[in-house]
Amino acid sequence: MTTHYLSPLLLAASLSLVAARPATPQAPAPREHLGFEVGADRQLADWGQIVDYFSRLALASPEVELDTLGPTTQGRPLVLATITSAANMRKIDAIRSAQRKLADPRSLPTEEERVLIATQPAVVVIQCNIHSTEITSAQMAMELAHRLVTIDTLRRALDDVVVLLLPSANPDGAQMVVEWYRRNLGTRWEGGPIPWLYHPYVGHDNNRDWYMVTQRETRLITDLLYRQWFPEVFYDVHQMGNEGMRLFVPPFVDPINPHVDPIIVRGIAHIGAEMALALEERGKSGVGDQAIYDLWWHGGARSTPTRHNMVGVLTEAASVRIATPIEQDTSKLAGHFRGLSKYERRMNFPNPWPGGRWTLRDIVEYELIAAEALVKMLAQQRGQYVGNFVRLGRKQVALGKSGSPKAYVIPVNQRDPSAARRLVEVLTVGGVEVDSADDVTADGRSVGRAYVVRLDQPYRAHALDLLEAQRFPKLERWPGGPIERPYDAAGWTLPLQLGVSVVPVERVSYIAPRARSVGVVGTDSCGPDVKLSRVLLHVSNTACFRQVISALRRSRPVEVSGTGGTYQVDRLPRIGLYRPWTANIDEGWTRWVLEQFEIPYTSLVDSAVRAGGLRDRMDAILVTDMSLRDLRQGMSDSVVPPPYSGGLGREGIEALKAFVNAGGTLVLLDRASELATAELGVDVGLVKVRPRQDDWEPPSDDALEGTAHELYAPGSILRVLVDATQPVAFGMPDTAAVYFTNSMTFDVPSNSPIRVIARYPDRGDDILLSGFLEGAPAIAGKAAAIVAPVGRGRVVMFGFRPQYRGQSYGTFRMLFNALLSGGGPAGRR
């Protein structure tokens, strides 16, 4: 298929000729440009066509300006369309400068604030297509932009609103999905899943990256939000499954994170109500709210702005098969697992969709109505939203002065200095002010060199929610019934995940800061002892693994030292990373983490594993979190075409067994550990989280019997006790924090040759550090990470994910040690 990209000259012209645009534009309609209507069955514009359309629209209309925020991971342009009235466009720099003043009112005079509230346009970011298979909004964005500059009521709204429209937050994935869909049109795989990640590294988790900000696209948009434009409203346009409501709009369900201000909660509900009303007035049924999505978790695109005094809004439309229509029988329409049942017609779901044909165009129309309702409402209530925005900033500053703690101090002298610097980087990228200073005194005690996060700043809520521990409330659906699950994670405390000591303080003083914002001090001292025959490196500093790899690339043997001695690596390890054709997100995150530390690896797809001879090619093979079924069977050939179907199969499983028996190291993460017990003869009991059935009627007393200690920990941080004398744990403290997301735990028999690397405390009350944990006795005293001998090799099994979403920096070194040491005892490798 041909990929259409705008020529550099035309793109440059669209960015620079704002003043030369005609006063009465003849804006081209998307249909004229594409040759088909937006939302037509089985018709999709690719990313080049979308960028080309916006460029032509910007050339034709004085109300549209197109900018490129930067290149994506694969080098495509991540574009932003600024849409507002021609009068506003002529003073756009002044509007942007005023937004900065409103976002940080500490130096904003009262009179200037009053003037800005009376005159400043409201600014809204509309982000489309972060999840690439939710392709409709990238198509809809073209029609929305055209309607905004050609329909009189919407053009009048632009006098009071600046719309910042992101046609896709993941252009690489948008292109992948369109090409895959076109490739399979007319086959039995039409509209089916793409067998690789639709983001080069993180797939669906690109909407889980908004406080850690690891990926290029997240960084570009984060910079737009907290350094360039400071919008009052952020609207994230999504799709969901197709067996429930047609469109979800806010408000969200409980619980509400305590750092989300009530004004923001009310603003979210207000916008959702305006959208729902507009949809009902246009005859659109199946619109619901107060279901599925909560306001607890911090890491989503619409969640992080709420800690930055912005109203974060989400809608989710029922999907089709990419662009292929579906037929749905009413009897197969179901409810949702939180907040809304198929048996109920309440205030939040008064007009159910009757079923029938559902098309791409249907989704386009629902999304257009919702987006236009938002723009019109902001125009009508501009002063209220602008005023609330500046008031929220002032409120956060005041709370930082009156509340407790007043600041957080991060000493430079840490067990892992690179982790402390990473924490400071995450905070500053998110707009938090961090001072780097000498001679810091905190609560009367000298700390020396340290980073200081004062909380009397506008983004106090963001800082607090990242630095303190979370306690997800125990909400029962009915008395004695199941616990409400968080939408994503229950806990995410960054000092725990990174293994950094952070001190909340009431009084802090220091000499004028060395630097502010991105002022990061310190270097990586790995204690290298360079001798004639080898390099000796200590790895309590995670960044030192880069030096390990650098020395090996120079053919210098390395001894890695730890509490229990050393292990020696004579050459670059040959690491194989299993890459299934199931779009495995954990595999993508692992690739990203390994590349950040320059650790070489080879991706092994199913056919490469089934070919055998693995020990001749690899020293260690890493299998990331995935189910045993996915390992064995992959996706069916009824879902994806060959060669992407079938998984490892028996042939691949036997090849992995032969690899380990011949002396190789197999590293298994989380659910992949079941491969060792089911296929490799590792004699260890698995403690797994039992799947929960989402019933809508309260169970009988008999059904509830025995479930009081059922294990459940959805994305939480747990304490483990570490045997730091084991090479896999070199550089680790004796007590550490691991990320547990309904993960595996190991029950190791007594007198077993299996070595326990880390285990949970004996008392259930000592396990949870942040988040939520039900049924702690089920894992108390049991192993979290083990090394099991198999044949001449060994299997390293992590029940948790030591590289979870690129966040759990404090346990990265355990994964790296496993790959480099082979999990063997101290000594030569």
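How many disulfides does the count come to? Taking a disulfide as a pair of cysteine sulfur atoms within 2.5 Å, the count comes to 1. This is a predicted model, in which local features need pLDDT of at least 70 and side-chain atom pairs count only at pLDDT 80 or more, while totals for chains, interfaces and linings use all residues. Residues are numbered from 1 along each chain as its sequence is written, and side-chain values use heavy atoms, with hydrogens and water left out.

The cysteines in question are C526 and C544, whose sulfur atoms sit 1.8 Å apart. The link of C526 and C544 is left-handed, at -95° about the S-S bond. Helices here are DSSP runs of H or I with at least four residues, strands are runs of E with at least two, and both are numbered from the N terminus. C526 is buried, at 2% relative accessible area, and C544 is buried too, at 0%. Buried stands for under 20% relative accessible area, exposed for over 50% and partly exposed for anything in between, with a 1.4 Å probe and protein chains only. Another cysteine, C128, also counts as buried, with a relative accessibility of 0%.

Next come the cis peptide bonds. One runs from P250 to P251, with omega near 15°. P251 belongs to the loop between β6 (247-248) and β7 (253-256). Another cis bond joins S404 and P405, and there omega is about 0°. P405 is found in the loop that goes from α13 (382-402) to β13 (407-411).

Phi of F230 is positive, near 55°, even though the residue is something other than glycine. F230 sits in the loop between α10 (216-229) and β5 (233-240). Is F230 buried or exposed? With a relative accessible area of 5%, F230 is buried. N751 is not a glycine either, yet has a positive phi of about 60°. The loop holding N751 lies between β30 (745-747) and β31 (755-759). At 80% relative accessible area, N751 is exposed, whereas F230 is buried.
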